[in-house]
Amino acid sequence: MRRALELAAKAEHRTSPNPMVGAVVLDKEGRVAGEGFHQRAGEAHAEPIALEAAGERARGGTLYVTLEPCPHQGRTPPCVSAVIAAGVARVVVALEDPDSKARGAGVAALRAAGIAVEVGVEAAAARRLNEFYVKHRTVGLPFVTAKFAMSLDGKIATAGGESRWISGDAARAEAHRMRRAHDAILVGVNTVLMDDPELTARGEAGARQPLRVVVDSTLKTPATAQVAGPNTLIATTSAASKKQASLLVEANADVQTLPAAGGGVDLAALLEALAARGVLSVLAEGGGEVLGDLFDRGLVDKVVAFIAPSVIGGRGAPVAVAGQGVEVLAKAARLVKVEVRLVGDDIMVSGYVQRHR
């Protein structure tokens, strides 16, 4: 199963909105007969690839797969049919499909065909591998990663607004890898006004480009901004200028009016809208007010912070996370499963937000 998980991870989230899946087939003697993984949405799934590689050696053997085989017809035929036709005697599944339309149905179909099925081997690792997919299917919202680069004293720019570059080359390369892994990048309009970013994923030829999302309650985004164009969603409110909305639409950006909350766009409503579009994961890159609002509303799942070995200072210098914050330390967002490593000269700290009881 660990080999199947290694194979699944090779897809690096290019399968979205599908999960990443790996499969390994053992023959009757327990020798590897075939293996494969789902590479992109719309292409062959892991099980048929592995079974085809195994050929007749799959008959009477064992299939290890990281997610319950799908029982339904989509852009590809149901994997359950391929598994049954291959004649395997046993199937070992890491994780039951969390999608309510499929949960348990694949396992039931295999058992009804007389195949022995075991579920739960390396389940925790399989769940973490597909944490974007699991959250979307169980909660109905995208998985939100808050990412920021800051100085040792928590600043993301100088008091004068200079922010390029706080982190080093290696950290920025890692940030682009994260962009390639997520379905959408989320920033506030102030980031657009100050930096005029492209919000694209670079560093890999033909990289999958995430949806660019700008939170802009009154539509201050210029139609000439680099982000104003195709593959961009600008989330606004009824307070926005209709004239500016027309200019942005002419630039091929998608302008969507959402409910307001706290003087800005309701971020919970925005995440619901993104989930409805099939967005499984959001990389929230700032600025401080957007990240602060996400934390205040308990909408962040994971944090990745790059800490540069520098001290900026300045009372007016912006911080990584603003918003209302908490009044007592006991209510602070605390991370679990924390990992710390050096990325170039910067320190990368990542972890999952612990949900308060």
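Salt bridges, cysteines, surface and pocket

Guide: Arg-90 and Glu-118 form a salt bridge through their side chains, at 3.0 Å from N to O. The term stands for a side-chain nitrogen of Lys or Arg within 4 Å of a carboxyl oxygen of Asp or Glu. This pair links distant parts of the chain, with Arg-90 in strand S4 (residues 90-95) and Glu-118 in strand S5, 28 residues apart. Helices (H or I, at least four residues) and strands (E, at least two) are DSSP runs, numbered from the N terminus.

Visitor: What should I know about the model and the numbering?
Guide: The model is predicted, so local features need pLDDT of at least 70 and side-chain atom pairs count only at pLDDT 80 or more, while totals for chains, interfaces and linings use all residues. Residues are numbered from 1 along each chain as its sequence is written, and side-chain values use heavy atoms, with hydrogens and water left out.

Visitor: How many salt bridges does the structure hold?
Guide: It holds 21 salt bridges. One of them joins Glu-122 and Arg-2, whose closest N and O atoms are 3.0 Å apart. These two residues lie 120 residues apart: Glu-122 in the loop between strand S5 (116-119) and helix H5 (123-129), Arg-2 in helix H1 (residues 2-9). Arg-2 is exposed at 63% relative accessibility, whereas Glu-122 is partly exposed at 29%.

Visitor: And what about Asp-27?
Guide: Asp-27 forms a salt bridge with Arg-31, at 3.2 Å between the closest N and O atoms. Asp-27 is buried, at 6% relative accessibility, while Arg-31 is partly exposed at 49%.

Visitor: Changing topic, how many disulfides are there?
Guide: The structure holds zero disulfides, a disulfide being a pair of cysteine sulfur atoms within 2.5 Å.

Visitor: Which residues form the nonpolar patch on the surface?
Guide: Val-338, Val-340, Leu-342 and Ile-347 form it, with about 370 Å² of accessible area together. Patches take residues with over 30% relative accessible area and no salt bridge, joining like charges within 9 Å and nonpolar side chains (Val, Leu, Ile, Met, Phe, Trp, Tyr) within 5 Å. Areas come from the Shrake-Rupley method with a 1.4 Å probe, and for residues only the protein chains shown count as cover. Strand S15 (residues 335-343) supplies the largest share of the patch, three residues. Val-340 is in strand S15 and is exposed, at 58% relative accessibility.

Visitor: How much space lies in the second largest pocket?
Guide: About 720 Å³. A pocket, on a 1 Å grid over the protein atoms alone, is an open set of points where a 1.4 Å probe fits, with protein on both sides within 12 Å along at least five of seven lines; lining residues have an atom within 4 Å of a point.

Visitor: Which element gives the most to its lining?
Guide: H7 does, with five residues.

Notes: Buried < 20%, exposed > 50% of the residue type's maximum accessible area, 1.4 Å probe, protein only. Points joined across faces, edges and corners; volume = space filled by probe spheres on them.
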